[in-house]
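Please consider the model shown below together with its sequence. The paragraphs that follow lead from the overall fold to individual residues.

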Amino acid sequence: MNTKIEEIDGKFVATLEGEMDTAAAMEAEEILKPLYKSDGKEVIIDCNGLEYIASSGLRILLSILKGAKASGSQVIMRGVNDDIMNVFKLTGFISIFEFE
């Protein structure tokens with residue numbers, strides 16, 4: 001699993017690549033923690049390279065969403081493939097995240 005955060009044009013862009021299973025989610029969470037307090041900057045989570053997400057990965061995304069909204073930020077999920085989108089549908093996350 002590869003995870004990185006960049007600041008581009010005043011927005012935070014987090015790129016997720018590979019499989020976010022339980023073990024990888026712990027490492028990804030440490031990298032993504034700065035997004036919990038995004039200070040009003042838009043947060044884009046680029047999932048173009050994400051192949052799989054476990055429940056622990058969903059928990060991290062939910063924590064990012066809660067923290068970002070509390071600081072006045074918007075979170076946008078980008079490039080979510082059909083398999084991951086089905087997970088969002090089954091868990092009800094499709095109604096709380098924004099997608100592009």
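Two strands are said to pair if DSSP finds at least two bridges between them. Helices (H or I, at least four residues) and strands (E, at least two) are DSSP runs, numbered from the N terminus. The structure is a predicted model, in which local features need pLDDT of at least 70 and side-chain atom pairs count only at pLDDT 80 or more, while totals for chains, interfaces and linings use all residues. Residues are numbered from 1 along each chain as its sequence is written, and side-chain values use heavy atoms, with hydrogens and water left out.

The protein contains 3 helices and 5 strands, arranged along the sequence in the pattern β-β-α-β-α-β-α-β. Its radius of gyration is 12 Å, close to the 13 Å that the globule rule gives for 100 residues, so the protein is as compact as a globular protein of that length. Here the radius is taken over C-alpha atoms, and the rule is 2.2 Å times the number of residues to the power 0.38. The C-alpha trace spans about 30 × 25 × 20 Å along its principal axes. Of the 100 residues, 42% are buried, where buried means under 20% relative accessible area, exposed over 50%, and partly exposed in between (1.4 Å probe, protein chains only). Among contacts (heavy atoms within 4.5 Å) with a separation of 6 or more, 69% are between residues 24 or more positions apart.

The chain begins with a hairpin formed by β1 and β2, which have 2 residues between them. Strand β1 covers residues 2-8 and strand β2 covers residues 11-20; the two pair in the antiparallel sense over 7 bridges. Within this pairing, Asn2 has Glu17 of β2 as its bridge partner, and Lys4 stands opposite Thr15 in β2. In the turn, Asp9 has a positive phi of about 50°.

Strand β2 also pairs with β3, to which it runs parallel, through 8 bridges. Val13 stands opposite Ile44 in β3. Strand β2 is mostly covered, with 7 of its 10 residues buried. Glu51 lies in strand β3. Its C-alpha atom is separated by 9.1 Å from that of Leu16, 35 residues apart along the chain. Leaving aside residues up to four places away in sequence, Glu51 touches Gly18, Glu19, Asn81 and Ile84.

Helix α2 takes in residues 55-70. At 1.5 Å a residue, its 16 residues should span 22 Å, and its end C-alpha atoms are 23 Å apart, which agrees; the expected span is 1.5 Å times one less than the number of residues. Which residues of α2 are buried? They are Ser56, Gly57, Leu58, Ile60, Leu61, Ile64, Leu65, Gly67 and Ala68. Their cover includes β2, α1 (22-32), β3 (43-53), β4 (75-78) and α3 (82-91). After α2 comes Gly72, whose phi is positive, near 85°.

Glu29 is placed in helix α1. Its relative accessibility is 16%, and therefore Glu29 counts as buried. The side chain of Glu29 makes a polar contact of 3.2 Å with that of Tyr36 and another of 3.3 Å with that of Arg59. A polar contact is a pair of N or O atoms within 3.5 Å; within protein, one must be able to donate a hydrogen and the other to accept it, and residues adjacent in sequence count only if both atoms are side-chain atoms. Beyond residues up to four places away in sequence, Glu29 touches Tyr36, Arg59 and Ile60.
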